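Hello,

Please find the structure below. My notes on it follow.

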Amino acid sequence: MDEFFVEGQFLGLPPTEGNADVVILPLAFELTTSYGTGTAEGPLACIEASGQVELYDPLLSADLPAGVTIRTENAWQGTAGDLMGQLDELVDHAKPWYSGHQFPLFLGGEHGILPPIIQAARHHPLVNGDLSKLTIVQIDAHADLRESLDDEPFSHACAASRSLDLGVGALLQAGIRACSRQEIALINSDDRITTFFAKDTQHPHSGASSWNQWLESLNTISGPVHLTLDIDGLDGALVPATGTPVPGGLSFWQVIETIEAVFAAPNATIISADVNEIVAQEDTPLTQFTAACLATKAVACHILARQEGRWRPSNAERQEHPKSTFFKEWSKTTPSSN
Ligand SMILES: [Mn+2]
């Protein structure tokens with residue numbers, strides 16, 4: 001921690017005036033967490049832990065912020081009394097950062113933040129209303145492809161399936177090691193979904209070949225991409241405080257390699273990212289520090305993309321949008337959710 005450290009700011013960097021290039025958005029969202037609790041305080045614990053992350057990034061050969069401006073917004077707190085209302089509030093909170101100028105990095109909060117983020121990404125100039133252009137790259141222990149969990153179709157366990165329902169063109173997921181029969185059936189039947197199971201990528205003998213296929217599939221993505229990192233994709237030993245830690249997961253370096261690979265894909269533009277299911281660990285800051293390291297790597301990779309001309313800010317002016325009623329309307333057509 002050096003003399004420039006500013007509390008409450010990602011990496012302790014002093015807040016910048018005017019338009020920032022990178023915006024850190026803590027989302028204290030926890031309405032459907034099924035097992036552990038505490039994802040609401042996680043984002044702020046992650047920001048605090050980020051003060052201990054090394055600013056030097058070997059990819060950039062420079063200290064962050066490496067010439068860009070990074071701002072940390074105040075933590076979002078839902079005010080609506082029901083889940084659908086909060087999802088619409090999240091859409092409204094996320095939308096202004098999809099004008100094409102900024103790179104938004106969301107810190108969650110449970111994985112249920114994903115569908116409203118994706119709904120907001122519809123407004124990015126590269127998506128331009130057509131989510132079939134968008135690819136989601138997901139690191140997770142769980143496929144999050146359930147139809148519903150505990151009768152709730154907007155549960156964190158359905159984050160990926162609801163995002164596909166929104167019209168997303170492709171979903172690439174790795175680290176997966178907890179799936180229901182229904183999820184496996186969906187993986188096998190929906191050709192938008194490509195799943196790399198941890199059982200294969202972590203196999204002591206053949207794992208390297210499966211892992212290289214994962215990296216190769218990231219390299220061939222084209223168009224806009226949202227990167228969603230559920231920290232439970234990492235082995236449970238690295239993130240013991242997360243809501244549902246699972247053994248047998250990805251190593252820290254595999255997730256770093258994934259982040260670097262997706263940002264380096266020559267025909268893709270990573271328009272946004274999230275690190276979610278962060279829970280503040282009390283005995284040691286390991287969980288939140290691990291999350292902070294991943295978030296920092298995503299920011300560093302974004303800066304590298306800017307430096308290498310792979311980030312093309314749009315000329316579109318930031319637009320005012322009417323308040324979202326999308327999820328409220330949608331819930332009227334889905335079986336449950338209140
Ligand atoms: Mn998840």
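Ala66 is partly exposed, because 19 other C-beta atoms lie within 10 Å. On this scale a residue is buried with 20 or more other C-beta atoms within 10 Å of its own, exposed with 12 or fewer, and partly exposed in between, the C-beta atoms being placed from the backbone. This is a predicted model, in which local features need pLDDT of at least 70, side-chain atom pairs count only at pLDDT 80 or more, and totals for chains, interfaces and linings use all residues. Residues are numbered from 1 along each chain as its sequence is written.

Backbone points

Ala66 sits in the loop between E3 and E4; helices (H or I, at least four residues) and strands (E, at least two) are DSSP runs, numbered from the N terminus. Although Ala66 is not a glycine, its phi is positive, about 50 degrees. Pro65 is in the loop between strand E3 (62-63) and strand E4 (70-72), and the peptide bond from Leu64 to Pro65 is cis, with omega near 10 degrees. Leu11, also not a glycine, has a positive phi of about 65 degrees. Leu11 lies in the segment before strand E1 (22-27) and counts as buried because it has 24 C-beta neighbours inside 10 Å. Most residues other than glycine have a negative phi, and most peptide bonds are trans.

Arg146

Arg146 is in the loop between strand E6 (135-139) and helix H4 (159-165). Is Arg146 buried or exposed? Arg146 counts as buried, because it has 23 C-beta neighbours inside 10 Å. Leaving aside neighbours within four places in sequence, Arg146 is in contact (C-beta atoms, placed from the backbone, within 7 Å) with Ala157, Cys158, Ser161, Ser180, Gln182 and Glu183. Cys158 is twelve residues from Arg146 in sequence, and their C-alpha atoms are 4.9 Å apart.

Helix packing

Helix H8 (residues 252-264) and helix H9 (residues 286-307) pack at an angle of about 25 degrees, with their axes 9 Å apart. Axes are lines fitted to C-alpha atoms, for helices over the stretch in contact, and angles run from 0 to 180 degrees between N-to-C directions. H8 is therefore roughly parallel to H9; angles under 35 degrees count as roughly parallel, over 145 as roughly antiparallel, 65 to 115 as roughly perpendicular and the rest as oblique. Residues of H8, including Phe252 and Phe263, meet residues of H9, among them Thr290 and Ala305.

Regards

Technical notes:
Contact = placed C-beta atoms within 7 Å.
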